[in-house]
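Subject: Structure handover

Dear colleague,

Here is the structure I said I would pass on. My notes come after it.

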Amino acid sequence: MKKPKFLSLQEDDTFEKMRQSRLQKNKRKRDSGLNVFEEVVKDLTYGYMKIGDGDEIYGKHRKKKRVSKAKELEMAMTLEALKKDQEKGDIVAKNHSWQAAISRAAGIKIHDDPKRLKKRIHKETKMREKNTEKWKERVDVQQKFRAEKQQKRSENVIDRIQQKKMRKIAKREKKLLRPGY
């Protein structure tokens, strides 16, 4: 026995209503949890720390100029000399250590160890010398290769001229060998 059409439509309709209500209920549950979480997280920021009034240098749009390694070494040496001074040494050391700690906390690298800076400069000069040697070797190899290629080319040109002459001589001799000439 067949079901009447209007009953099947009603069943489908109730099923659809139940499904919609379940979806709305689940959505309300999810939204309520997210709203609380969003309110808590809204004011959190990561990766930047602002302490004191000396931090304006490292603002959002301010680009810090790079200091050369030689200047950094010079500054580190003067700092070491100031730290060794009896009168102002403690004050300078304390100020510098605080400033360095704040900068490190903000994610800025501090280059204040003269020993490491000297090592780095030495390493860079050695690398530079090594690279210049490699470059000179590369240039020499290229020049050698070019000279060989030029030599081969000139030999080929000379050979071609010689072959052309030989062909002319052979042609002339062939002509002379024929009777009647």
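Predicted model: local features only at pLDDT ≥ 70, side-chain atom pairs only at ≥ 80, totals over all residues.

Residues are numbered from 1 along each chain as its sequence is written, and side-chain values use heavy atoms, with hydrogens and water left out.

Overall make-up

The protein has four helices and zero strands, taken as DSSP runs numbered from the N terminus (helices H or I, at least four residues; strands E, at least two). Along the sequence the pattern reads α-α-α-α. Of the 181 residues, 9% count as buried, meaning under 20% relative accessible area with a 1.4 Å probe, protein chains only. The accessible surface is about 18,100 Å² (Shrake-Rupley method, 1.4 Å probe), and carbon and sulfur atoms account for 56% of that surface. Among contacts (heavy atoms within 4.5 Å) between residues at least 6 apart in sequence, 53% join residues at least 24 apart.

H2 and H4

Helix H2 (residues 69-84) packs on helix H4 (residues 114-177) at about 160°, with the axes 9 Å apart; axes are lines fitted to C-alpha atoms over the stretch in contact, and angles run from 0 to 180 degrees between N-to-C directions. H2 is therefore roughly antiparallel to H4 (angles over 145 degrees). On the H2 side, the residues in contact include Leu 73, Ala 76 and Met 77, and on the H4 side they include Leu 117 and Ile 121. By class, this contact has seven nonpolar, no polar and six charged residues. Ala, Val, Leu, Ile, Met, Phe, Trp, Tyr, Cys and Pro count as nonpolar, Asp, Glu, Lys and Arg as charged, and the others, Gly among them, as polar.

H2 and H3

The axes of H2 and helix H3 (residues 89-105) come within 6 Å and cross at roughly 135°. Leu 79, Leu 82 and Lys 83 of H2 meet Gly 89, Val 92, Ala 93 and His 96 of H3.

Regards

Definitions and conventions
Parallel < 35°, antiparallel > 145°, perpendicular 65-115°, else oblique. Buried < 20%, exposed > 50% of the residue type's maximum accessible area, 1.4 Å probe, protein only.
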